[in-house]
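User: I am new to this structure. Please show me how to read its features, one at a time.

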Amino acid sequence: MGRLAVRGNLIVDREVREDWILICEDGVIAQAGPWRGEEADLRVAGGYVAPGYVDVHVHGAGGGDVMDASEAALARIAQTLATHGVTGFLATTLTADLDSLTEVLRMCRVFARRPSPGAALLGVHLEGPWISPDYKGAHNPDFIVDPTLADARVLLWAAGGLLRIVTLAPERPGAGAVIGYLRSRGIRVSAGHTSATWEEMKEAARCGVSQVTHCFNAMRGFHHREPGVVGAAMMHGEWTVELIADGVHVHPGAMALLYRAKGADRIALVSDAMRAAGMPDGDYHLGGFAVTVRGGAARLPDGTLAGSTLTLDRAVQHMVRLCGVPVAEAVAMASEVPARAAGCGHRKGRLAAGYDADFVVLDQDLRVERTFIAGAEVQRVDW
């Protein structure tokens, strides 16, 4: 892999460090500090050098879907994500029968062992089938079931060590035991697609829930006499919350309110993208349902939002432009925070010595110009 030195405005520890240098050796960051005359292979003028983005909730992109259970689909997803600054992602499932889910997990294991054509597959986010039918969103209600230890063991074995996050409705019968089982094996449990009350969320926290999936969406909302899931998400300062910052799933005012309540350290920007991300408007399918994409918004025939076509670079831009979040903090929400949620915060999501040399070059408008993984360029965009 050799040596690569990049000079420019580096985003380090949630600050823009002007005229610093990033030195990478054999795919690992050796130094990130002030430029002192070292020779640079790449000079970034006017924009930023930022940690690579990590998407912990993405169903598809570029025409491919995780549930296709094929290497070709995962490759299309990985390549498309890299064009938007994503250097690593969690392949995210949809509610399905146990056999289908185990096949998807098997294919993810196969893909993760081979060189990626783009963003690296860092693991799997299991979303469903242990969710609430009242807040199912675009998930197929025919396959929604209560969580059981038997099914959890099957899925954990099928994932072969790749399972990183499980989204479930903590009020479902049997959820407490499954949450405890997953936590004991180092898997993060996230409350999502849930009708849980404030009291049920307090119990979920006791059992080991530490995250909320796409906050505000597909969950019991806030009421002054029943704070619900949203109230619990804001109240538990240690919880990480996902946010789909497209201005469609969540109003910019609510996005700003969440930022004020949680701060940059506990918000993980996610795309929740489906196969239409990076594709033109048109007709697609998600989880067996017909989906129409118009103006970038993906909806079922009844108008229900069906994932998104958002990409993390645009999510960062929206947090800055719509909510007034400082650039370095918005970048951290797409890199450092999700990397930590994915269980790889010790080696990804920051520009620091000893971390993987995954980084992205942004222009002044926060558009992705170049994407590097392990110190090698995998994507270049000429605007």
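User: Which residue forms a salt bridge with Asp13?

Analyst: Start with the general idea. Side chains of opposite charge can pair when their charged atoms come close. Now the case here, in a model that is predicted. Arg350 is the partner of Asp13, and their closest N and O atoms are 2.8 Å apart. This pair links distant parts of the chain, 337 residues apart. Arg350 sits in the loop between α10 (336-341) and β19 (359-362). Asp13 sits in the loop between β1 (3-12) and β2 (15-25).

User: Why does Asp13 count as partly exposed?

Analyst: Read the relative accessibility. Asp13 counts as partly exposed because its value is 46%. Arg350 has 25%, so Arg350 counts as partly exposed too.

User: Where do Arg14 and Glu336 lie?

Analyst: Look at the elements, then at the sequence distance. The side chains of Arg14 and Glu336 meet in a salt bridge, 3.3 Å from N to O. Arg14 is in the loop between β1 and β2 and Glu336 is in helix α10, so the pair ties together parts 322 residues apart in sequence. Arg14, at 23% relative accessibility, counts as partly exposed.

User: How many residues apart are Glu103 and Arg106?

Analyst: Three, about one turn of the helix, and both lie in helix α2. Glu103 counts as partly exposed at 31% relative accessibility. Arg106 counts as partly exposed at 34%.

User: Which residues do salt bridges with shared partners join into one network?

Analyst: Arg14, Asp265, Arg266, Glu336 and Arg340. The structure holds 17 salt bridges.

User: Now the nonpolar core. Which members of the largest one touch the most other members?

Analyst: The general idea comes before the case. In soluble globular proteins, nonpolar side chains tend to be buried together. The largest nonpolar core here has 98 residues, and Phe89, Trp130, Leu243, Leu269 and Met319 touch the most other members. Helix α2 (residues 98-112) gives the largest share of this core, seven residues. At least three residues come from each of domain 1 (3-49 + 363-378) and domain 2 (53-348).

User: What does Leu269 touch?

Analyst: Leaving out residues up to four places away in sequence, the contacts of Leu269 include Val54, Leu243, Ala245, Leu312 and Met319. Ala330, Met333 and Ala334 are also among them.

User: Which residues does the second core include?

Analyst: Leu10, Trp20, Val49 and Val361 are among them. That core is separate and has 18 residues.

Technical notes
Residues are numbered from 1 along each chain as its sequence is written. This is a predicted model: local features need pLDDT of at least 70, side-chain atom pairs count only at pLDDT 80 or more; totals for chains, interfaces and linings use all residues. Side-chain values use heavy atoms; hydrogens and water are left out. A nonpolar core is a set of buried Ala, Val, Leu, Ile, Met, Phe, Trp, Tyr and Cys residues joined through side-chain atoms within 4.5 Å. Buried means under 20% relative accessible area, exposed over 50%, partly exposed in between (1.4 Å probe, protein chains only). Helices (H or I, at least four residues) and strands (E, at least two) are DSSP runs, numbered from the N terminus. Domain bounds come from an automatic or database domain assignment. Contact means heavy atoms within 4.5 Å. A salt bridge is a side-chain nitrogen of Lys or Arg within 4 Å of a carboxyl oxygen of Asp or Glu.
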